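Q: I'm new to this one. Can you walk me through it?

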Amino acid sequence: MAIELTRIGRPTDLTFRIGGDEFALIFSQNATPFIQSLMRRFEMALQRISKLLDFTVDASIGFAALSETNGNTSQWVQLADQRMYQDKKSKRIAG
C-alpha cells in the first residue's frame with residue numbers, strides 16, 4: 001500500500017506508514033481539483049492491489065489542510081482522521 005500511495009502523489013509529496021494499516025500522504029497543494037484527482041488515483045490503486053492479490057482490498061481516505069487548523073498539527077491529524085472515518089462509514093452505507 002505504501003508503494004501505491006507513493007505512486008499516486010508527486011515526487012515532492014511524502015508518504016509515511018504511521019502504524020498498522022494507517023498511512024499518511026503529505027502534499028503541499030490542497031486545491032479541490034488536485035484532491036479529487038488524488039482520490040481517483042487512490043481508488044485506481046486499490047483496484048490494482050485487489051487484482052494483484054486476487055481479492056478485494058478496501059481502504060478509506062481522509063484529507064485535511066494545515067490551514068484549516070491554523071497550523072495546529074494535532075488538530076490537523078485529528079481532522080484528517082475524522083474525515084477518514086466519515087469516508088469509511090459512507091462506504092459501509094453505500095455498500
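A: Here is a short tour of the core and the salt bridges. Keep in mind that this is a predicted model.

Q: Core first. Which residues touch the most other members of the largest nonpolar core?
A: Ile8, Phe27, Leu38, Phe42 and Phe63 do. The core has 13 residues.

Q: Which helix gives the most to this core?
A: Helix 2, with six residues. Helix 1 (2-8) and helix 2 (32-53) each supply at least two.

Q: What does Ile8 touch?
A: Leaving out residues up to four places away in sequence, Ile8 touches Leu25, Leu38, Arg41, Phe42 and Ala45.

Q: Switching to charges. How many salt bridges are found in the whole structure?
A: Seven. One of them joins the side chains of Glu4 and Arg48, at 2.5 Å from N to O. Glu4 lies in helix 1 and Arg48 in helix 2, so this pair ties together parts 44 residues apart in sequence.

Q: Is Glu4 buried or exposed?
A: Buried, at 10% relative accessibility. Arg48 is partly exposed, at 38%.

Q: And Glu68, what does it form a salt bridge with?
A: Arg83, with the closest N and O atoms 2.7 Å apart. Glu68 sits in the loop between helix 2 and helix 3 (73-94), while Arg83 is in helix 3, 15 residues apart.

Q: Which residues are linked in a network of salt bridges?
A: Glu43, Asp58, Asp87 and Lys91. For Lys91 and Asp87, the closest N and O atoms are 3.5 Å apart.

Q: How many residues apart are Lys91 and Asp87 in helix 3?
A: Four, so about one helical turn separates them. Asp87 is buried at 17% relative accessible area, whereas Lys91 is partly exposed at 22%.

How values were computed: Residues are numbered from 1 along each chain as its sequence is written. This is a predicted model: local features need pLDDT of at least 70, side-chain atom pairs count only at pLDDT 80 or more; totals for chains, interfaces and linings use all residues. Side-chain values use heavy atoms; hydrogens and water are left out. A nonpolar core is a set of buried Ala, Val, Leu, Ile, Met, Phe, Trp, Tyr and Cys residues joined through side-chain atoms within 4.5 Å. Buried means under 20% relative accessible area, exposed over 50%, partly exposed in between (1.4 Å probe, protein chains only). Contact means heavy atoms within 4.5 Å. A salt bridge is a side-chain nitrogen of Lys or Arg within 4 Å of a carboxyl oxygen of Asp or Glu.
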